[in-house]
Amino acid sequence: MYFKENSMPDIIQLLPDSVANQIAAGEVVQRPASAVKELLENALDAGSSFIKLVVKDAGKTLIQIIDNGCGMSETDARMSFERHATSKIKKAEDLFAIRTMGFRGEALASIAAIAQVELRTKRIGDEIGVKIDIEGSEIKSQEAFNCPEGTSISVKNLFFNVPARRNFLKSDTVELRHIIEEFQRVAIPNPQIAFSFHHNNTEIFNLPIGNLKQRLMAVFGSSYNNRLIPVEESTGIVIIKGYVVKPDFAKKTRGEQFFFLNKRFIKSAYLHHAVQSAFEQLLPADSYASYFLMLDVNPKSIDINIHPTKTEVKFEDEKAIYAFLRSAIKKSLGQFNIAPSIDFNQEAHLYNMPVKPIDGVYKIPTIKVDPDYNPFNSSTATSNQPTERELSNRANWEKMYSRHSNNQLEFEIKKEEENKETVFTDWDNELKESNLKSSYQLHNKYILSHIKTGFIIIDQQSAHERILYERILDNFERNKASSQQELFPKTIELSTTDFTLMKELQSELYLLGFEINEFGKNTFVIHGVPADTLETDSVALLEQLLENYKLNLQELKLERRENLARSIARSTSIKSGKVLTQEEMNLIIDELFACRMPYSSPNGKPTITTFSSEELDKRFKK
Ligand code: ADP
Ligand code: MG
């Protein structure tokens with residue numbers, strides 16, 4: 001090969017920082033969820049007691065994390081975006097005693113390289129804070145800024161300058177699922193910290209401070225109260241604390257397997273095996289144990305020198321930990337078998353006591369009840385003799401309302417405003433003062449109604465799905481819901497797989513008021529459907545229900561009751577396109593605001609949009 005030494009220029013050069021950061025970002029931030037993880041961990045490291053996550057469009061347009069932690073000085077704020085800038089280790093030995101989540105000083109630099117970032121921060125006790133805008137590693141502005149103590153970081157338009165990455169992102173549903181996963185991995189082992197999580201103005205999680213069990217119930221639903229078996233053991237090398245889920249509730253799909261090592265989520269096939277083997281013979285075939293286990297070890301005994309986003313760890317005493325974990329779980333399961341109710345009830349009443357919300361304000365919904373009114377049966381007003389179906393319907397409405405009017409159901413309703421400040425809407429007051437008689441239906445799809453400070457638009461189908469969904473979940477807890485008997489029982493013939501599925505669901509469906517019996521090959525007879533079902537074609541109803549159920553199973557891997565509740569709510573709800581009477585609209589509004597989570601449908605679609613009078617006024621200004 002011809003090579004002429006002196007005439008060739010030197011070709012190696014140092015990459016500019018911004019490029020180096022972008023390359024590093026590729027490792028640290030693969031998708032919105034990775035940025036969420038890093039920022040949540042920083043908020044934890046800052047010693048926060050309240051962390052709020054706000055996400056828009058599954059993190060593609062906005063990820064904002066607000067904490068009330070230690071905050072940063074002006075210089076530190078600026079420094080925090082430099083690569084290898086960390087306050088968490090000073091010398092190499094520190095690496096072996098690390099207890100914080102971060103220590104590499106790469107996250108903020110990486111995120112700032114591939115997004116538009118706004119940082120606002122103020123140290124506790126400081127007079128004034130600082131605001132820094134940085135975009136693609138370039139500082140756009142820095143100014144003294146009056147903000148609350150703590151830190152707020154907004155990450156906008158992630159990957160705006162890396163189109164390849166941006167195009168590579170999955171659908172919002174998938175990306176949001178990853179974010180929820182990361183959020184749970186941080187929120188579960190930190191019940192001493194309150195968290196909230198909003199997506200597109202809908203509150204997805206609101207987790208008050210509590211103990212681990214309360215946190216699990218807040219994340220996975222109160223039904224977990226009687227599913228969890230405590231595990232607690234310690235030796236010189238490891239402290240184990242947490243819960244396993246009773247074998248009866250084991251899942252066919254790999255559901256909830258959480259190990260936390262020194263409060264950090266880890267994956268370990270080896271330790272998973274230890275748990276699974278402790279459950280042996282108790283689990284039905286091909287089911288997985290669910291567990292939430294916190295392991296605490298001396299940081300010196302684990303290899304922390306791993307990639308920051310990796311969740312695998314190497315233990316020094318792997319075999320000993322395996323054996324110990326296995327026996328700790330066996331012991332708990334054994335105790336549980338002997339005395340099924342050991343201490344599970346102890347925390348239950350604690351949970352039922354309302355946990356004081358951060359802002360200290362409780363709301364007690366008031367509901368205007370007219371138990372004689374059956375909104376979905378226009379004949380009620382005219383016929384003088386109520387039919388059996390009407391009577392049972394009425395009983396249901398009454399039951400439902402009495403549930404809400406006994407003041408136990410205290411909760412707060414909140415609204416996330418566009419401008420990232422949380423304001424608490426006093427719905428009670430808003431609705432009382434408004435003239436609910438005048439609701440309007442738009443395009444047979446939306447309900448428009450005034451409230452004192454403006455107006456709201458409700459999506460009738462999503463809202464009704466939410467209402468039914470909560471009612472169904474409550475029905476599960478309350479044993480048998482009433483059914484309306486079919487005058488002429490219908491038969492439904494299914495494919496073999498659907499038939500098997502239906503058989504599997506039969507007992508749960510029964511609890512919800514579906515009375516169906518096997519009737520020869522692949523066929524069922526439908527004797528009754530839930531009393532408040534609007535759909536009159538029970539065969540179509542069940543077919544739809546099965547379809548929804550299967551879809552949820554594939555896409556979301558939901559557990560059975562949750563899936564049934566969603567599927568039934570979906571298939572029995574009032575649909576878009578249905579004309580509603582004034583009373584029906586008012587009832588939907590009332591019931592919606594009596595829901596625990598009125599702001600979104602069970603699938604996370606928004607149910608309500610509010611418009612303030614100011615917004616209206618603004619639009620009519622010259
Ligand atoms: P690391 O967490 O590995 O130290 P990061 O890039 O995530 O690196 O953060 C850099 C530094 O910025 C942190 O060490 C910390 O001092 C500071 N910092 C980041 N986020 C926060 C926060 N929410 N509150 C206070 N300080 C923070
Ligand atoms: Mg960090």
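Start with Asp67: one of its polar side-chain atoms sits 2.8 Å from a nitrogen atom of ligand 1. Keep in mind that this is a predicted model.

**Around ligand 1**

How many residues surround ligand 1? The count is 19, and the closest are Asn42, Thr86, Ser87, Lys88 and Gly105. Ala107 has a backbone N or O atom 3.3 Å from an oxygen atom of ligand 1. For Leu108, a polar backbone atom is 2.9 Å from an oxygen atom of ligand 1.

| Residue | Atom on the residue | Atom on ligand 1 | Distance |
|---|---|---|---|
| Asp67 | polar side-chain atom | nitrogen | 2.8 Å |
| Ala107 | backbone N or O atom | oxygen | 3.3 Å |
| Leu108 | polar backbone atom | oxygen | 2.9 Å |

**Helix 13 and its partners**

Now to the helices. Helix 13 covers residues 460–477 and helix 16 covers residues 560–572; their axes come within 8 Å and cross at roughly 140°. That angle is why helix 13 counts as oblique to helix 16. The crossing of this pair is right-handed. On the helix 13 side, the contact residues are Gln461, His464, Glu465, Leu468, Tyr469, Ile472, Leu473 and Phe476. Helix 16 answers with Arg561, Glu562, Leu564, Ala565, Arg566, Ile568, Ala569, Arg570 and Thr572. By class, that contact splits into nine nonpolar, three polar and five charged residues.

Helix 13 also packs against helix 17 (residues 582–594), at an angle of about 55° and with the axes 9 Å apart. Because of that angle, helix 13 is oblique to helix 17. Which hand does the crossing of helix 13 and helix 17 have, left or right? It is left-handed. From helix 13, Ala463, Arg466, Ile467 and Arg471 meet Ile588, Glu591 and Leu592 of helix 17. Four of the residues in this contact are nonpolar and three are charged, with no polar ones.

**Helix 14 against helix 16**

Helix 16 has a contact with helix 14 (residues 496–511) as well, where the two pack at an angle of about 65° with their axes 11 Å apart. Helix 14 passes helix 16 in a right-handed crossing. Helix 14 brings Glu504, Leu505, Glu508, Leu509 and Leu511, while helix 16 supplies Arg560, Arg561, Leu564 and Ile568. The class tally for this contact is five nonpolar, no polar and four charged residues. Arg561, Leu564 and Ile568 of helix 16 turn up in the contact with helix 13 and again in the contact with helix 14.

How values were computed
Residues numbered from 1 in each chain as written. Chains lettered and ligands numbered in written order. Predicted model: local features only at pLDDT ≥ 70, side-chain atom pairs only at ≥ 80, totals over all residues. Heavy atoms only, no water. Axes fitted to C-alpha atoms, helices over the stretch in contact; angles between N-to-C directions. Helix = DSSP H or I, 4+ residues; strand = E, 2+ residues; numbered from the N terminus. Parallel < 35°, antiparallel > 145°, perpendicular 65-115°, else oblique. Left-handed = near helix turned anticlockwise from the far one by under 90°. Contact = heavy atoms within 4.5 Å. Nonpolar A, V, L, I, M, F, W, Y, C, P; charged D, E, K, R; others polar. Near = heavy atom within 4 Å. Polar contact = N/O pair within 3.5 Å; in protein donor to acceptor, adjacent residues only side chain to side chain.
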